[in-house]
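Please look through the structure below with its sheet, its aromatic rings and its surface in mind. The paragraphs that follow take these topics in turn.

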Amino acid sequence: MAGSLYCVGVGMTLGAHICPLSRSYIENADVVFSGVSDGFVELWLHQIHHDVRSLQSFYGKDKSRHITYREMVDTMLAEVKQGKNVVGAFYGHPGVFAKAPHDAIARARVMGYEAKMIPGISAEDCLYADLGMDPGKQGCQHYEASQFMLYKRRIDPTAMLILWQIGLAGDLSMGIDATGAAERRLLLELLAQDYPVDHLCWLYEAATNPLQTPRMEQMPLKSLVFADIYLHTTLVIPPLAPMIPNPLLRARLQQLQLKDKHKMTTYKNNVIPFDTNRKKHL
Amino acid sequence: MMDVIALLEKLGSDCTSLQAEHLQTLLEESNLNEDVKKLIQQQDLKGLANKLAINESIICCAQVAPDEDEPDEDKQPKDDEAINR
């Protein structure tokens, strides 16, 4: 069937992060829809392709982002249905904290069109590099800030905690206006159940332009309430304490591995009931 | 001749271009007007956006927490519709 949809990531920093494949999809598209981080990046896309249409106009004051994202998806799919090769070019990674690209790809596939996602360098990737933090060191938990507030979570203070879209923390309107000190005070109250309010955290903003430097501002958690926080600001809370050993499981593993050292297979040891072929179990 | 966006792309993709002497050469070759060159040297993005009438008020919120009355909004796609093949 004619018509396709590719959602590609352009990375965070203009010119620095886009991969050759994503660039090629943009160059060869019939039409490109852009959902990017700033006006410089939009102009850059216009230099790569002659027909770039911004998805920005779908955002609106007092308009739910549920509606905005649905409209973005409908708009991209309308062009796919006309048999065009459509590219959605999104800042960062098109599948990380991004609703419209996932929905658009899923719907295009249901309708029988070719649809694929091409990854990009996300704010998360930049964060690890800029702050020198490794999520593998003590583990890492990621939540969208409002979701973190609205749903009960079991926080592990021995791992890193990253809250995205902290500027919209506690927003119930699903709008585009940043929330304020009152909502952040509630967030602080929630965090204070697991962290002392003097625990040092970071406010992070990735550089979107080669002339910029990332924002990396360290402060105690209690200072969040009145800090300068924008829609693209991320809260990074380093681990509060070292990881707590699990001696019981360590002993069981040692026993298991000593007992049958030479005969052990992944099937016999009965420890890893892990299905690697992703087949559905009907 | 290079315009501002092409210059920024060059700065983003060429590790040597942000070194002072290379940046100076790039700016000289660019034929950009002196005001713009100065803003780039000063890394004044706000000034550059104003000068070039670039919209800075772009919204980049990307995810929504599900409404209680819209429980299906943020469900992961059923089956394997979203898996790249």
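Leu203(A) stands opposite Glu217(A), a residue of β9(A), while its bridge partner in β10(A) is Leu235(A). The model is a predicted one, in which local features need pLDDT of at least 70 and side-chain atom pairs count only at pLDDT 80 or more, whereas totals for chains, interfaces and linings use all residues. Residues are numbered from 1 along each chain as its sequence is written, chains are lettered from A and ligands numbered from 1 in the order in which they are written, and side-chain values use heavy atoms, with hydrogens and water left out.

Strand β8 of chain A covers residues 200-205 and is joined to β9(A) by six bridges, the two running antiparallel; three bridges, again with antiparallel strands, link β8(A) to β10, residues 234-237 of chain A. Helices (H or I, at least four residues) and strands (E, at least two) are DSSP runs numbered from the N terminus, and two strands pair if DSSP finds at least two bridges between them. These strands belong to an open sheet of five strands in chain A, with mixed pairing and the order β6-β7-β10-β8-β9. At its edges stand β6 (140-144) and β9 (215-220) of chain A, each with a single partner strand, so one side of each is left without a neighbour in the sheet. From one strand to the next the twist averages 20 degrees, where axes are lines fitted to C-alpha atoms, for helices over the stretch in contact, and angles run from 0 to 180 degrees between N-to-C directions. In β8(A), five of the six residues are buried, which leaves the strand mostly covered; buried means under 20% relative accessible area, exposed over 50%, and partly exposed in between (1.4 Å probe, protein chains only).

The aromatic rings come next. Over all chains the structure holds four aromatic pairs, a pair being two rings of Phe, Tyr or Trp (its six-membered ring) with centres within 6.5 Å, counted as stacked when the planes are under 30 degrees apart, edge-to-face when over 60, and tilted for the rest. One of them is the edge-to-face pair of Tyr59(A) and Tyr69(A), at 6.2 Å centre to centre and 85 degrees between the planes. Because Tyr59(A) lies in the loop between β3 (52-54) and α3 (65-81) of chain A and Tyr69(A) in helix α3 of chain A, this pair ties together parts that are ten residues apart in sequence. Tyr59(A) is buried at a relative accessible area of 13%, and Tyr69(A) is buried at 3%.

The rings of Phe97(A) and Trp164(A) have centres 5.6 Å apart and planes at 40 degrees, so this pair is tilted. Since Phe97(A) lies in the loop between β4 and α4 of chain A and Trp164(A) in strand β7 of chain A, the parts tied together are 67 residues apart in sequence. Trp164(A) is buried, with a relative accessible area of 9%, whereas Phe97(A), at 24% relative accessibility, counts as partly exposed.
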